Amino acid sequence: MGCRIIGCGKALPALDVKNDELTKLVDTSDEWIVTRTGIESRRVAVAETGTDLSVAAARQALGWDEGGYSERRVDPAEIDLVIYATITPDAMVPSCAGLLRRRLGLERAAAFDLNAACSGFVYGLSVAESLMAACAPNAAGASGRNPIRRALIVGAERLSRITNWPDRNTCVLFGDGAGAAVVEWDEERPGILSSFIANEDDPTNALTCPAAYDSPVPFDNEGVSLRAEEHDDSLDAVDEELGIRAHIADGEPRQVLRMDGQKVFKFAVGALSAAVDVALERAGLTLDDVSLIVPHQANERIIRYAAKKIGRPLDFFQVSIAHRGNSSAACIPMTLADAYENGRIKPGDKVVLVAFGGGFTSGAVVYEA
Ligand code: COA
């Protein structure tokens, strides 16, 4: 028995900002960005809310729309739990999970948001699996608790709202998007074989962002963007919305991500390989049993270093950073959807999802497809 991933999906904002466009804003070059990060372009949500993107990603994962991967159509009343991982929520109250629940008509679901930075989706998956193991209808601890048999886990971000656009060290790295997965408790088959979640102090504040951020996309009570009809996809529109040139002239905005890239890089390479080791050991497996690793997508060079560290080629990892950049909690579910769409995950395969991020958080999940 186990908690199986039965669907996943992804959604990206319409506006695609290529490296060359960023050279109009800060002193950088396409060549520097590609060689140091593997990133060629990223999506920026000018018209879409995070909830809009999550609805589209979740509909694929639930088997309602084309795209992503889905074993079957899941009815709204079958979902017992929604976990929405983000560091850039559309609203604090109601939660984005609550908005998503309403828009998808998931009327039986309990719903909450979760912040574990870029590890948010892996944390969400681990929490959902633990709740299911304790609270699935036949589980030992089920009585007296919410029965949880199916969950929707989302990672969604609009990092463009907290990106320090005048800072070339960070502004080239981030992008927006949403990914989702549906998990189901199965009495017969295994699914998640092990999980690991961890925090480590970040004593030098190598990666921080203050509590609030400015200028959300205006939206209605259900989190639907009021811009959908009128949006303008030009870089000038992004500039007008995010005030990039004004910030460059006036100095840094306050509520932005700040990062010491090299410290985070070092943490990331070590955390990625350590999390894979611990999760595999807990599952009683070795790398030889694994078909694919789906890592957080912060920088292609981090994945290359980690690949070297664990003695595997880059091809052992699903790498999807080139046209998206780092979209924090959204990266892993979007990358997982890519792996299914590209036919890289087949029934019975053992797959590792592995994340690291601000906090410093890290985590990994090993599952059998
Ligand atoms: N364009 C051109 N030059 C740039 C630049 C850009 N966008 N960003 C930085 N530089 C310059 C620096 O100013 C520095 O110049 P200097 O030597 O004259 O001072 C030089 O490039 C080297 O900078 P450095 O910080 O050593 O580069 P790096 O190879 O470490 O790459 C990062 C920087 C940010 C890409 C890399 O450290 C990284 O990916 N860190 C981890 C980020 C991360 O994972 N964050 C999220 C965690 S979930």
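My entries follow, topic by topic.

**Ground rules.** I am working on a predicted model, where local features need pLDDT of at least 70, side-chain atom pairs count only at pLDDT 80 or more, and totals for chains, interfaces and linings use all residues. Residues are numbered from 1 along each chain as its sequence is written, and side-chain values use heavy atoms, with hydrogens and water left out.

**Entry 1: H3 and H4.** I looked up the pair formed by helix H3 (residues 50-61) and helix H4 (residues 96-104). Element names come from DSSP runs numbered from the N terminus: helices are H or I with at least four residues, strands are E with at least two. H3 and H4 pack at about 55 degrees, with axes 10 Å apart. Axes are lines fitted to C-alpha atoms, for helices over the stretch in contact, and angles run from 0 to 180 degrees between N-to-C directions. H3 and H4 are therefore oblique to each other; under 35 degrees counts as roughly parallel, over 145 as roughly antiparallel, 65 to 115 as roughly perpendicular and the rest as oblique. On H3 I noted Thr51, Asp52, Ser54, Val55, Ala58 and Arg59 in the contact, and on H4 Cys96, Leu99, Leu100, Arg103 and Leu104. Contact means heavy atoms within 4.5 Å. I sorted these residues into 6 nonpolar, 2 polar and 3 charged. Nonpolar covers Ala, Val, Leu, Ile, Met, Phe, Trp, Tyr, Cys and Pro; charged covers Asp, Glu, Lys and Arg; the others, Gly among them, are polar.

**Entry 2: the largest pocket.** How much space lies in the largest pocket? I read about 980 Å³. A pocket here is an open set of points on a 1 Å grid over the protein atoms alone, where a 1.4 Å probe fits, with protein on both sides within 12 Å along at least five of seven lines; lining residues have an atom within 4 Å of a point. The volume is the space filled by probe spheres set on the points, which are joined across faces, edges and corners. Of the 45 lining residues, Leu173, Phe174, Leu207, Met259 and Val264 are the closest to the centre. The lining divides into 26 nonpolar, 15 polar and 4 charged. Helix H9 (261-283) is among the elements that supply at least two lining residues. H9 gives the most, with 6.

**Entry 3: H9 and H10.** H9 also packs on H10, at about 45 degrees with axes 9 Å apart. That makes H9 oblique to H10. This crossing is right-handed.

**Entry 4: backbone.** Most residues other than glycine have a negative phi, and most peptide bonds are trans. I found a cis bond joining Val93 and Pro94, with omega about -5 degrees. Pro94 sits in the loop between strand S5 (81-85) and H4. A cis bond also joins Gly359 and Phe360, with omega about -10 degrees. Ala117 has a positive phi, near 50 degrees.

Methods:
A crossing is left-handed if the near helix is turned anticlockwise from the far one by less than a right angle, and right-handed if clockwise.
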